[in-house]
Amino acid sequence: MIFTPTFLSITKVYAATTPGLGQATSFGILSNTYTNTASGTTISGDLGYTTGPATTPTVNGTTHVADGTYAQAGIDQGSTLSNLNSQPCTFTFANGAIDLATDTTHGPAGIYTPGVYCTGASSAASIGAGGITLSGGGTYIFRINGALTTVANSSVTLAGGASACDVFWTPTAATTLGATSTFAGTDIDASGITIGSTITWTGRALAFGGTVSTTTDTISSPTCSSPTPTPGSSSSGGSGGNSASSSTGGTTHCIANEITTVPIIIESKRISPTSIFISWAPYAGIETFNVRYGVTNGNWAYNTNVTGFSTTINALPPNQPIWFQVAATNSCSIGTYGEAMLLGAPSLPNTGFAPGENTSVLSIQDYTIVLLSFILEQIYI
């Protein structure tokens, strides 16, 4: 009998998750060069730059000029961007420039529910005069393969529990916001962010490595808090994910300690042809995790939340090796994923030599040998 390998076809995509921003959380504006051409600009939050403006804005926070906090915020900006770009698209627009205010391919014109919205290759996005509404609690990620532009007097409106804490924009070219418009969320854009005159923005302009420009604008970094303590925060030792709650104007947001735990998968075992058991460490005062997995490394189309340090993933294709990653979570965000592991290859016969059971985390070379042996065995049956 000749064995023909089969491959997993994944179509299910889970909801987007809000990543931590680390040191960048407190910044309203973070840039290499910051320009402000007129008095009247107010920044509620920290301001960071290397080259400063001719006209100093009002800063209701701390100004960091190329100091250690500024440098770490730049590193964390990059980590957050990597996290956002790793999350699978829940909707991809057709190739070509897209007006988010008028598009109906994703649903009702101008109305967006939580998810990851991606433009096509080399496809800019704009927000026209009608504006857009983000409706419902959850994470919104707009991954734009080009520039982001909003026209004058446009708006980004939050409704139905949507929070600026959970809205992210990641254009690959420059961001330009039209005059007298309103905007919401964190824009991460090292290509540069130009904020037109008299704009009200609840969120963050993060352009470490690039330029941010303002003119009589109001930028307010959101305060994010949690209504409940982080599960597992009472555990002893290590860096926990304790959270605190606060409420402003009746809206509860999310704030929690930064997640520093990076889990490592320490054991795996195929329980059945369609089930794989995994466990991870370290045991560092946090007990809630997100496990993501898929047929190829980087294609994380499935994920599940776990309390504890192990889980069994069921309903997998028979004897199909699957890539896994684990990250610690708290009530606000998801931390850094540990090393990706290819797990669940078919077992070799027990030869009497150690190890006697298929319980170890194998290397890619080990899996190559396992798969070749399995295929040869099937050919000669």
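**Ser 213**

I am working on a predicted model, where local features need pLDDT of at least 70, side-chain atom pairs count only at pLDDT 80 or more, and totals for chains, interfaces and linings use all residues. Residues are numbered from 1 along each chain as its sequence is written, and side-chain values use heavy atoms, with hydrogens and water left out.

I found Ser 213 in strand β19. Helices (H or I, at least four residues) and strands (E, at least two) are DSSP runs, numbered from the N terminus. Which residues does Ser 213 touch, not counting those up to four places away in sequence? I noted Thr 35, Ile 193, Thr 194 and Ile 195, taking contact as heavy atoms within 4.5 Å. I also looked up Thr 176, which is 37 residues from Ser 213 in sequence and 9.6 Å from Ser 213 in space, C-alpha to C-alpha.

**The whole protein**

Next I stepped back to the overall numbers. The protein has two helices and 31 strands. Of its 381 residues, 46% count as buried. Among contacts between residues at least 6 apart in sequence, 57% join residues at least 24 apart. I put down about 16400 Å² for the accessible surface, with 55% of that belonging to carbon and sulfur atoms; such areas come from the Shrake-Rupley method with a 1.4 Å probe, and for residues only the protein chains shown count as cover.

**The cores**

Then I went inside. A nonpolar core here is a set of buried Ala, Val, Leu, Ile, Met, Phe, Trp, Tyr and Cys residues joined through side-chain atoms within 4.5 Å. The largest one has 34 residues, and those with the most contacts inside it are Leu 100, Ile 132, Leu 134, Phe 142, Trp 169 and Trp 201. Strand β19 (residues 200-214) gives the most to this core, with four residues. I also noted a second, separate core of 19 residues, which includes Ile 265, Ile 276, Phe 289 and Val 291.

**The disulfide**

How many disulfides does the structure hold? I found one, a disulfide being a pair of cysteine sulfur atoms within 2.5 Å. Cys 89 and Cys 118 form it, with their sulfur atoms 2.0 Å apart. Cys 89 sits in the loop between α1 (68-86) and β6 (91-92) and Cys 118 in strand β9 (residues 115-118), so the pair ties together parts that are 29 residues apart in sequence. The S-S torsion is about -95 degrees, so I wrote the disulfide down as left-handed. Cys 89 is partly exposed at 28% relative accessibility, whereas Cys 118 is buried at 4%.

**Asn 305**

My last stop was Asn 305, in strand β28 (residues 302-307). At 62% relative accessibility, Asn 305 counts as exposed. Not counting residues up to four places away in sequence, Asn 305 touches Phe 289 and Asn 290. Arg 292 is 13 residues from Asn 305 in sequence, and the two are 8.8 Å apart in space, C-alpha to C-alpha.

Conventions: Buried means under 20% relative accessible area, exposed over 50%, partly exposed in between (1.4 Å probe, protein chains only).
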